[in-house]
Amino acid sequence: MTTMTTVTDLYPSRGATEVSTPRKDPVVWSAPGTPGPIATGDLEAFERDGFLAVDQIIRPDEVPVYQSELERLVTDPEIRADERSIIEPKSKEIRSVFEVHKISEVFAKLVRDERVVGRARQILGSDVYVHQSRINVKPGFGASGFYWHSDFETWHAEDGLPNMRTVSVSIALTENYDTNGGLMIMPGSHRTFLGCAGATPKDNYKQSLQMQDAGTPSDEALTAMASEYGIKLFTGKAGSATWFDCNCMHGSGDNITPFPRSNVFIVFNSVENEAVEPFAAPIRRPTFIGARDFAPVR
């Protein structure tokens with residue numbers, strides 16, 4: 001006889017009303033003094049603010065390798081036809097390509113690079129696996145932004161991640177100016193979980209990857225959070241990176257400048273925080289968006 005294990009929902013969302021829940025999990029999971037590539041002061045800042053900017057995570061001479069690979073992927077007709085590619089509704093250009101660490105050996109090596117995965121292990125205090133990876137492409141003259149959201153709200157509701165033991169890194173492959181649709185984060189917002197109102201439609205991912213709807217905070221909640229926490233805009237050269245906690249309230253604007261903004265985005269989850277069934281969705285999302293392969297990065 002098989003026994004089903006019930007996992008307590010610590011962060012209710014997608015109900016009739018918006019609900020605010022204080023964070024119940026650590027931000028930095030490793031013990032104080034645990035060795036790793038992040039200095040103690042930077043780790044403390046990450047715990048306080050929910051993010052950490054790194055001026056150069058890959059060297060300038062390495063950047064063209066990743067830029068060339070990104071260009072290869074977004075111009076390959078087979079990649080465009082793959083379900084892992086998301087197309088801009090207006091321009092019909094590729095917006096994102098998911099699971100790039102499985103499609104591309106170049107990005108697979110980046111995931112395994114100790115400069116990258118070492119920081120993830122240090123923050124999460126364990127071995128890690130890739131919950132999601134993708135390249136994001138924001139060409140100039142009208143590429144759409146990503147509306148305000150907490151990634152954990154979606155990963156919890158639709159992918160079944162039980163706890164906030166997940167960290168993301170966005171590595172710039174083009175220069176991030178303050179004008180070309182850069183990443184914005186509300187510092188300190190990772191301390192409060194905002195459970196959004198409204199049920200999750202079946203196959204919601206097909207709509208949400210182009211335009212977020214379910215899992216979107218109300219204007220009133222965003223106004224209150226921005227008033228309390230403020231908004232930080234990230235800029236940096238190609239090769240710079242921003243690490244941020246899974247529950248940070250963040251978003252980015254449209255890019256109406258001539259200057260493209262592209263990045264590779266990797267989500268590391270602790271092997272001790274494996275996905276279960278979705279907490280607030282009728283079905284799981286596809287594995288190229290929310291992994292079910294929990295093998296640690298080696």
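Visitor: How many helices and strands are there in the protein?
Guide: The protein holds nine helices and 13 strands. Both are DSSP runs, numbered from the N terminus: helices are H or I runs of at least four residues, and strands are E runs of at least two. This is a predicted model, in which local features need pLDDT of at least 70, side-chain atom pairs count only at pLDDT 80 or more, and totals for chains, interfaces and linings use all residues. Residues are numbered from 1 along each chain as its sequence is written, and side-chain values use heavy atoms, with hydrogens and water left out.

Visitor: What percentage of the residues of the protein count as buried?
Guide: Buried means under 20% relative accessible area, exposed means over 50%, and partly exposed lies in between, with a 1.4 Å probe and protein chains only. By that rule, 53% of the 298 residues count as buried.

Visitor: What makes helix H7 largely enclosed by the rest of the structure?
Guide: Nine of the nine residues of H7 (residues 151–159) are buried, so this helix is largely enclosed. The buried residues include Asp151, Trp155 and Asp159. After H7 comes Gly160, with a positive phi near 85 degrees.

Visitor: Why is helix H6 described as mostly covered?
Guide: In H6 (residues 114–124), eight of the 11 residues are buried. Among them are Val116, Arg119 and Leu124. Gly125 follows H6 and has a positive phi, near 70 degrees.

Visitor: Why are helices H2 and H5 called oblique to each other?
Guide: Two packed helices are described by the angle between their axes and the distance between the axes. Axes are lines fitted to C-alpha atoms, for helices over the stretch in contact, and angles run from 0 to 180 degrees between N-to-C directions. Angles under 35 degrees count as roughly parallel, over 145 as roughly antiparallel, 65 to 115 as roughly perpendicular, and the rest as oblique. The axes of H2 (residues 63–75) and H5 (residues 105–112) come within 9 Å and cross at roughly 135 degrees. H2 and H5 are therefore oblique to each other.

Visitor: Which residues of H2 and H5 meet?
Guide: Contact means heavy atoms within 4.5 Å. On the H2 side are Val65, Tyr66, Glu69, Leu70 and Leu73, and these meet Val106, Phe107 and Leu110 of H5. The contact has seven nonpolar, no polar and one charged residues. Here Ala, Val, Leu, Ile, Met, Phe, Trp, Tyr, Cys and Pro count as nonpolar, Asp, Glu, Lys and Arg as charged, and the others, Gly among them, as polar.

Visitor: Is Glu69 buried or exposed?
Guide: Glu69 has a relative accessible area of 9%, so this residue is buried. Leaving out residues up to four places away in sequence, Glu69 touches Ser104, Val106 and Phe107.

Visitor: How do you know which strands stand at the edges of the sheet of seven strands?
Guide: Two strands pair if DSSP finds at least two bridges between them. The open sheet has the order E2-E11-E7-E13-E5-E4-E3, with antiparallel pairing. E2 (51–54) and E3 (85–87) each have a single partner strand, so one side of each is left without a neighbour in the sheet. From one strand to the next, the twist averages 15 degrees. H2 packs on this sheet, touching E4 (94–98), E5 (128–138) and E13 (261–270).

Visitor: How do you know that E7 and E11 pair?
Guide: Five bridges join E7 (residues 166–172) and E11 (residues 241–245), in the antiparallel sense. Val167 stands opposite Asp245 in E11.

Visitor: In what order do four strands form an open sheet?
Guide: The order is E6-E12-E8-E10, with antiparallel pairing. E6 and E12 are joined by three bridges, and His149 stands opposite His250 in E12. H7 lies across E6 and E12, at about 70 degrees to E6.

Visitor: Why does Gly253 count as partly exposed?
Guide: Its relative accessibility is 27%, so Gly253 falls in the partly exposed class. This residue lies in the loop between E12 (249–252) and E13.
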